[in-house]
Amino acid sequence: MKILITLLKPLSFLPALLMMYIIFSFSAQTGEVSGELSYKISYQIVETKNELLNTGKSYDELAYEAESIHYYVRKAAHMTEYCLLAIAISFPLYVYRIRGFWLFLLAGIICVGFAGLDEYHQSFVSGRTPGIRDVGFDSIGALIGILLVQLFCWSSLHNPNASGKSRKKTHRSKKHRRRS
């Protein structure tokens with residue numbers, strides 16, 4: 001069993017590679033296609049809000065409101081992509097016993113480095129321009145993802161009610177009973 005785990009451990013990085021491919025694919029879209037996609041999402045958000053709150057806004061009012069949140073939707077998308085990338089990178093690193101400061105550092109360098117390369121890649125795509133500000137948003141998303149993994153793993157390992165610790169106590173008490 002230990003050999004199988006050792007062989008499968010490197011495969012734990014596949015989700016991170018998949019996320020990098022997805023980010024790269026979004027960045028390869030032309031400015032027009034990318035803008036259209038994020039505008040559709042913005043419009044869907046305001047349309048759903050309109051239906052839920054029953055405000056009865058016209059198409060023009062919804063379009064204006066969608067345009068006003070379009071920038072924020074795009075930046076939230078950046079942060080979400082890199083949050084997911086950081087999670088996909090941090091879990092395998094945690095499995096390899098990279099934790100605490102070193103996890104922040106290594107996962108952070110990988111995510112921020114990829115964000116910089118991704119922005120550089122966008123400089124070759126029609127209608128797209130690279131932006132340092134986007135790397136900043138990407139970095140914030142990555143930081144959130146790394147923090148989530150650290151908190152999740154720490155709380156899982158330090159839970160006094162974890163099944164592993166309960167089994168050890170039960171096993172010890174059975175040994176103690178046999179001696180008596």
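Reply: Let us begin with Leu11, which is partly exposed at a relative accessible area of 45% (buried means under 20%, exposed over 50%, partly exposed in between, with a 1.4 Å probe and protein chains only). Leu11 sits in the loop between H1 and H2. Here helices are DSSP runs of H or I with at least four residues, strands are E runs of at least two, and numbering starts at the N terminus. Before going on, please note that the model is predicted: local features need pLDDT of at least 70 and side-chain atom pairs pLDDT 80 or more, while totals for chains, interfaces and linings use all residues. Residues are numbered from 1 along each chain as its sequence is written, and side-chain values use heavy atoms, with hydrogens and water left out.

Together with Met1, Leu4, Ile5, Leu8, Leu14 and Leu17, Leu11 makes a nonpolar surface patch of about 730 Å². To join such a patch, a residue needs over 30% relative accessible area and no salt bridge; nonpolar side chains (Val, Leu, Ile, Met, Phe, Trp, Tyr) are joined within 5 Å, like charges within 9 Å. Areas come from the Shrake-Rupley method with a 1.4 Å probe, and for residues only the protein chains shown count as cover. H1 and H2 are the elements that give two or more residues to the patch. The largest share, three residues, comes from H1.

Which parts of the chain does the pair of Phe13 and Tyr96 tie together? Phe13 lies in the loop between helix H1 (2-8) and helix H2 (14-27), while Tyr96 lies in the loop between helix H4 (59-95) and helix H5 (100-122), so the pair connects parts that are 83 residues apart in sequence. The ring centres of Phe13 and Tyr96 are 5.9 Å apart and the planes stand at 25°, so this pair is stacked. The rule is that rings of Phe, Tyr and Trp (its six-membered ring) pair with centres within 6.5 Å; planes under 30 degrees apart count as stacked, over 60 as edge-to-face and the rest as tilted. Both partners are partly exposed: Phe13 has a relative accessible area of 27%, and Tyr96 has one of 34%.

Another pair joins Phe101 and Trp102, edge-to-face, with 5.2 Å centre to centre and 75° between the planes. Phe101 is exposed at a relative accessible area of 55%, and Trp102 is exposed too, at 56%. Elsewhere, ring pairs link Tyr39, Tyr43 and Tyr59 into a cluster. In the whole structure, the search finds eight aromatic pairs.

Now for the charges. Side chains of opposite charge can pair when their charged atoms come close. With a salt bridge taken as a side-chain nitrogen of Lys or Arg within 4 Å of a carboxyl oxygen of Asp or Glu, the count comes to three. Glu65 meets Lys49 in one of them, at 2.8 Å from N to O. This pair links distant parts of the chain, since Lys49 is in helix H3 (residues 31-53) and Glu65 in helix H4, 16 residues apart. Glu65 also forms a salt bridge with Lys57, with the closest N and O atoms 2.6 Å apart. Is Glu65 buried or exposed? At 14% relative accessibility, Glu65 counts as buried, whereas Lys49 is partly exposed at 40% and Lys57 is partly exposed at 32%.

One more salt bridge brings together Asp134 and Lys75, at 2.5 Å from N to O. Asp134 lies in helix H6 (residues 132-157) and Lys75 in helix H4, so this pair ties together parts that are 59 residues apart in sequence. Asp134 and Lys75 are both buried.

Finally, step back to the whole chain. The secondary structure comes to seven helices and zero strands, and the elements run α-α-α-α-α-α-α from the N terminus on. Of the 180 residues, 31% are buried. The chain exposes about 12300 Å², and carbon and sulfur atoms supply 68% of that area.
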